[in-house]
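Please look through the two chains before reading on, and keep both the sequence and the fold in view.

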Amino acid sequence: MMWLTWRQFRAQTVAAAGLLAVLAIAFAVTGPQLAHLYDTTVATCAAQHDCQSAVSGLQSDDSFLQSLVRLLMLAAPALIGIFWGAPLISHEIEAGTHRLAWTQSVTRFRWLAVKLGLAGLASMAVGGLLSLMVTWWSSPLDRVGAGRLDPSVFGERGIVPVGYAAFAFALGVTAGLLIRRTVPAMAVTIAVFAAVETAFTLRVLFHLIPPVRVSSPLNMAWVTETGRGGPGGPDQLFVGIQPNQPGAWIGSSEVTTAAGSTSLGRPPSACGPNSTYSACTAAIARMHLRQVIVYQPGSRFWALQWYETAIYLALALALAGFCVWWVRRRVS
Amino acid sequence: MTAVLKAQGLGKRYRRRWALSDCTIDIPAGRVVGLVGPNGAGKTTLLHMAVGLLPPTTGTIEVLGDRPAAGPAQLSRVGFVAQDTPTYSGLTVADHLRLGAHLNPGWDDATARDRIERLGLDERQRAGKLSGGQRAQLALTLALAKRPELLILDEPVASLDPLARREFLQGLLEAVVDQGLSVVLSSHLVADLERTCDYLIILIGSRVQIAGEVEHLLATHRRLTGPRRDPARLPGDQHVVSVSHTDRQTTLTVRTDGPIHDPAWIVSPIGLEDLVLAYMSGTAATGRRPALEVQR
């Protein structure tokens with residue numbers, strides 16, 4: 001059974017290995033340059049008092065490869081799901097070859113277990129290798145800007161791509177088994193995977209570990225805008241802040257009165273149409289406002305990585321178990 | 001002789017339609033069994049249950065004394081060639097032989113290679129590029145080299161041209177003689193089975209109409225032709241299979257163990273093809289199922 005699985009899977013494995021090799025070469029050539037750029041500009045920028053241009057210089061370096069990496073990491077699990085997962089069984093059912101395979105001297109359970117096991121492990125290996133290379137290559141970039149806990153890159157670093165790959169693969173297999181036709185199964189796979197991944201990242205990920213909630217006196221350096229409106233009402237004072245917590249994932253940030261109300265009251269007279277911005281902020285500073293920030297600190301990167309990966313692996317295992325049950329009972 | 005296939009009240013329902021109902025058969029070993037019936041009669045359903053691809057809805061089925069596909073040992077004793085003889089189109093002929101060797105403990109590589117060579121198949125050719133007849137031969141080779149005790153073939157020649165059909169059935173018969181195996185072979189064409197089978201099961205409208213040795217079936221069925229009359233007035237031991245009337249004449253196909261004494265009838269023996277046709281028109285007349293094609 002191992003032999004047949006390998007024989008059927010050989011072309012895909014070679015293609016994936018080739019793609020990974022090309023990528024590895026591209027990273028090996030450009031990675032050290034990127035790291036060198038970081039060491040010579042960003043690492044020393046504080047001494048030259050110009051960190052903004054150093055960071056933007058780094059972020060615009062190799063921008064083609066950067067966007068390619070983003071696209072690749074976004075697409076890789078979906079591609080695994082639709083090209084490895086979905087056809088795994090549906091293609092056999094379409095061609096009728098499952099009737100050939102299931103009437104050899106190997107039980108269906110073993111047939112499916114070996115196929116799922118080998119192709120699933122290959123999927124996870126591809127996800128893992130890809131992430132390893134990308135995590136290494138983009139580590140200078142992750143040290144500036146929003147950091148690696150930023151939800152838009154969090155799922156493209158560390159071990160989460162392994163979980164994504166396993167889940168997308170199992171999802172594809174399940175869709176193929178239930179729909180029994182390859183192309184519709186591919187479509188369903190990509191739709192469901194995108195929906196689950198998006199919903200999980202937007203709704204669930206932040207709450208996997210109870211976030212830190214900090215209430216402190218308003219830090220005027222974080223205030224980015226003032227005006228009227230906001231949660232209190234149209235004629236109330238509004239103060240917008242952007243917390244500067246390097247590496248943290250900010251869930252929400254609010255400004256409250258000393259008593260804890262989000263209605264800040266009428267704006268101080270210094271904030272009228274004829275006064276200056278600095279006079280206004282000085283007046284606000286005298287109001288003794290507070291800020292409440294809910295966030296995940298950057299130190300929880302690995303804890304969140306493990307939680308998310310474990311959840312996706314558990315989903316993949318549940319789907320695989322369902323496939324085994326279905327193949328043994330329901331399919332002909 | 002023990003039974004190779006034993007079904008008791010076997011039935012299969014898809015949603016609300018019964019594909020096979022109340023099937024009770026007992027196929028003795030060492031036979032080449034023809035399973036004949038129109039398309040959609042339930043032949044494939046019965047065979048799929050026999051190889052464990054489908055679970056029955058009702059009743060039981062035993063193949064070689066065990067539940068179909070009960071485990072690797074049971075699987076290794078039954079060879080199966082599915083309808084349209086599926087093979088992996090991307091794999092070469094040699095790959096298929098390796099597949100067979102890897103998946104079957106009793107694999108007989110010498111037989112397989114010998115057969116492929118005699119058939120003139122190129123081992124490096126992909127199965128997808130083979131003709132229908134060659135693909136069927138490859139599938140049969142896989143099933144035979146597994147060294148099964150029972151070989152089940154589901155319409156193996158349905159899509160083949162007459163020459164390939166004859167070659168396939170010939171190859172099958174040679175293998176049966178060589179390996180001494182039992183065979184169950186389905187077809188909707190009686191002509192295919194006439195030359196190969198010594199046991200016949202007629203399956204029409206999801207029900208087994210009759211099953212038995214071909215010789216016995218031919219000996220117990222008669223065609224009666226005579227002046228028009230009501231078939232209900234026949235002696236009790238004569239079971240009417242089919243009836244057709246013209247203005248003056250009645251033609252009956254009857255099953256009976258005894259001789260026919262009524263001098264009004266012209267009694268003639270019946271061929272296998274007419275026998276099957278009689279059962280098909282008989283079930284059509286009772287309204288259980290419309291007659292379907294019996295011949296191409």
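Predicted model: local features only at pLDDT ≥ 70, side-chain atom pairs only at ≥ 80, totals over all residues.

Residues are numbered from 1 along each chain as its sequence is written, while chains are lettered from A and ligands numbered from 1 in the order in which they are written.

Domain bounds here come from an automatic or database domain assignment. For chain A that assignment gives domain 1 (2-209 + 303-329) and domain 2 (219-288), and the C-alpha centres of domain 1 of chain A and domain 2 of chain A lie 43 Å apart. Five residues from domain 1 of chain A and five residues from domain 2 of chain A make the contact, where two residues are in contact if their C-beta atoms, placed from the backbone, lie within 7 Å. On the side of domain 1 of chain A that touches domain 2 of chain A there are three nonpolar residues, one polar and one charged; Ala, Val, Leu, Ile, Met, Phe, Trp, Tyr, Cys and Pro count as nonpolar, Asp, Glu, Lys and Arg as charged, and the others, Gly among them, as polar.

Chain B is divided into domain 1 (3-214) and domain 2 (217-285), whose C-alpha centres lie 33 Å apart. Here 14 residues of domain 1 of chain B are in contact with eight residues of domain 2 of chain B. Two or more residues on the domain 1 side come from each of helix 7 (190-194), strand 8 (199-204) and strand 9 (207-213) of chain B, helices (H or I, at least four residues) and strands (E, at least two) being DSSP runs numbered from the N terminus. Strand 9 of chain B gives the largest share of that side, four residues.

Between the chains, the contact takes 16 residues from chain A and 24 residues from chain B. Helix 1 (2-42) and helix 5 (97-101) of chain A each supply at least two residues of the chain A side, which has seven nonpolar, seven polar and two charged residues.

Within chain A, the axes of helix 6 (residues 108-137) and helix 9 (residues 160-179) come within 7 Å and cross at roughly 145°; axes are lines fitted to C-alpha atoms, for helices over the stretch in contact, and angles run from 0 to 180 degrees between N-to-C directions. By class, the contact of these two helices has 13 nonpolar, five polar and no charged residues.

The largest nonpolar core has 145 residues, and Phe169(A), Val33(B) and Ile152(B) are those with the most contacts inside it. Such a core is a set of buried Ala, Val, Leu, Ile, Met, Phe, Trp, Tyr and Cys residues joined through C-beta atoms within 7 Å, and a residue is buried if 20 or more other C-beta atoms lie within 10 Å of its own, exposed if 12 or fewer, and partly exposed in between, with C-beta atoms placed from the backbone. Helix 9 of chain A gives the most to this core, with 13 residues.

Finally, Arg180(A) has a positive phi of about 70° although it is not a glycine, and Arg180(A) is found in the loop between helix 9 and helix 10 (182-204) of chain A. Asp84(B), also not a glycine, has a positive phi of about 60° and is found in the loop between strand 5 (78-81) and helix 3 (93-103) of chain B.
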